[in-house]
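Q: Hi! Could you walk me through this structure?

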Amino acid sequence: MNIELITTESSETDLKTELSLLLQRYPANHNTNLQAWDAADEYLLKQVHEQGRTDSNIAIVNDNFGALSCGLNRLLPDAQLYIETDNKTSISGINANFNSNQLNIEQLNWHTSRELLPKSVTLVLMKLPKNLSYFSQQLVRLSQVLPEGTQVLIGAKAKSITPTVIQLFTDNLGPAKASLAWKKCRVISCLSDGKVRQNEKNKQWQIPEYRLRMNNLSNVFAANKLDIGARVMLENMPKGQFDTIIDLGCGNGVLGMRAAQLFPDADIHFVDDSEMAVASTKQNWQANNFDEGRGYFYWDDCLSKLPTNVEPDLILCNPPFHQGEAITDHIAWQMFLDAKRRLKSGGLLHVVGNRHLGYHIKLQRIFSNCKTVASNGKFVILQSTK
Ligand SMILES: C[S@@+](CC[C@H](N)C(=O)[O-])C[C@H]1O[C@@H](n2cnc3c(N)ncnc32)[C@H](O)[C@@H]1O
């Protein structure tokens with residue numbers, strides 16, 4: 001990422017400097033032309049520079065792979081950076097980019113999207129997430145800590161900044177105004193009005209045919225209703241005898257909870273990149289009265305940190321086909337590779353996917369076998385055996 005930063009020295013002289021960083025997405029994937037940053041990241045850093053900010057405590061919210069954190073550390077090397085993220089892969093990406101750019105990792109302080117940022121923060125840089133109910137909750141949490149007049153700069157594609165989004169600022173944090181567009185992006189500047197808001201309770205819902213009650217945090221996939229792919233999976237669960245089951249990319253935990261009903265002696269391990277997903281799954285597990293001793297919960301990137309003593313004989317997986325706004329199949333790949341690595345010999349990977357995604361080709365390559373066990377017009381259920 002190369003950004004030209006202009007400092008006006010006097011009415012006649014402009015001083016041009018370049019902020020240059022080498023940034024990679026996480027996991028680094030050389031077979032993609034997807035970038036690790038976007039123009040909204042650049043625009044936010046330009047604004048900080050042009051405003052001549054010298055804050056020593058800055059919060060960064062929703063930084064995907066570290067473009068904002070690395071850029072700010074270059075601009076203000078002594079500032080403490082408080083990073084709020086829901087994703088394990090963002091933490092790994094930010095750390096990796098800090099290291100490869102020889103930046104000082106000691107300046108980073110980590111917060112999940114359920115924790116409050118410190119009151120000492122005097123500037124917040126934020127990327128607008130796709131999920132607006134998650135975004136509203138993030139603004140509400142900011143209203144609980146930011147003193148009146150604290151500036152929050154939000155970068156986004158110009159087309160995403162609708163009147164609804166501007167209204168969310170006014171309702172949840174304070175007055176906001178959008179900048180001129182630059183490279184099809186805008187920065188919204190919002191000033192905290194110092195009034196503390198409270199988050200609304202999450203919606204509870206049921207899946208009556210399986211007697212499951214759900215209650216999820218805002219950034220969870222299918223937080224308010226059953227995903228259609230998950231429904232097809234529930235209608236076509238594997239048959240057999242299983243002792244150790246993994247729900248890989250568990251979201252709200254529905255697949256693993258159904259497995260817990262069908263295989264009452266099995267331990268169920270739930271894994272997701274979203275901290276809110278893992279927390280919601282744990283809450284759903286308890287609310288549905290599953291045995292505490294049978295449920296295990298991991299905030300992890302695929303199976304990278306799964307304890308070595310876990311030896312699954314079944315992995316259930318409804319893989320994601322995007323990362324943030326980018327459509328990509330590399331997480332599905334990683335999930336399938338990790339499943340092959342961790343399954344017991346003879347163990348089963350049971351996958352649901354959109355027919356057009358062609359997961360059977362990947363599974364055949366990785367496992368040398370892949371069987372279609374069910375399908376409808378839109379989805380297929382695939383099984384590979386280790
Ligand atoms: C299509 S959703 C499926 C959710 C749930 N299993 C269901 O069927 O409703 C995919 C899930 O994978 C999670 N995910 C994305 N990247 C991941 C990664 N690198 N490691 C683990 N989980 C990931 C997402 O957060 C999301 O919850």
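This is a predicted model: local features need pLDDT of at least 70, side-chain atom pairs count only at pLDDT 80 or more; totals for chains, interfaces and linings use all residues.

Q: Thanks! How many bridges join β12 to β13?
A: There are 5 bridges between β12 (residues 244–248) and β13 (residues 267–272), and the two run parallel. Strands here are DSSP runs of E, at least two residues long, numbered from the N terminus, while helices are H or I runs of at least four. Two strands pair if DSSP finds at least two bridges between them.

Q: What sheet do they belong to, and in what order do its strands come?
A: An open sheet of 7 strands with mixed pairing, in the order β14-β13-β12-β15-β18-β20-β19. β14 (295–299) and β19 (371–375) each have a single partner strand, so one side of each is left without a neighbour in the sheet. On average, neighbouring strands are turned by 20° against each other, direction ignored (axes are lines fitted to C-alpha atoms, and angles run from 0 to 180 degrees between N-to-C directions).

Q: Where does UniProt place the "Methyltransferase small" domain?
A: The unreviewed UniProt entry puts that domain at residues 212–383; such annotations may be inferred rather than shown by experiment. Over residues 212–383 the chain is 30% helix and 26% strand.

Q: Switching to the ligand: which residues are closest to it?
A: G249, D272, D301, C302 and N318 are the closest of the 18 residues that surround the ligand, each counted if a heavy atom lies within 4 Å.

Q: Which polar side-chain atom lies 2.6 Å from an oxygen atom of the ligand?
A: One belonging to D272. N318 also has a polar side-chain atom 2.8 Å from a ligand oxygen. The protein covers 92% of the 600 Å² of accessible area that the ligand has on its own, by the Shrake-Rupley method with a 1.4 Å probe.

Q: And what about the sheet that has β5 at one edge?
A: That open sheet has 7 strands in the order β5-β4-β3-β6-β7-β9-β8, again with mixed pairing. β5 (108–111) and β8 (176–178) are its edge strands. β4 (residues 80–84) pairs with β5 in the parallel sense over 4 bridges, and L81 stands opposite L108 in β5.

Key:
Residues are numbered from 1 along each chain as its sequence is written. Side-chain values use heavy atoms; hydrogens and water are left out. A polar contact is a pair of N or O atoms within 3.5 Å; within protein, one must be able to donate a hydrogen and the other to accept it, and residues adjacent in sequence count only if both atoms are side-chain atoms.
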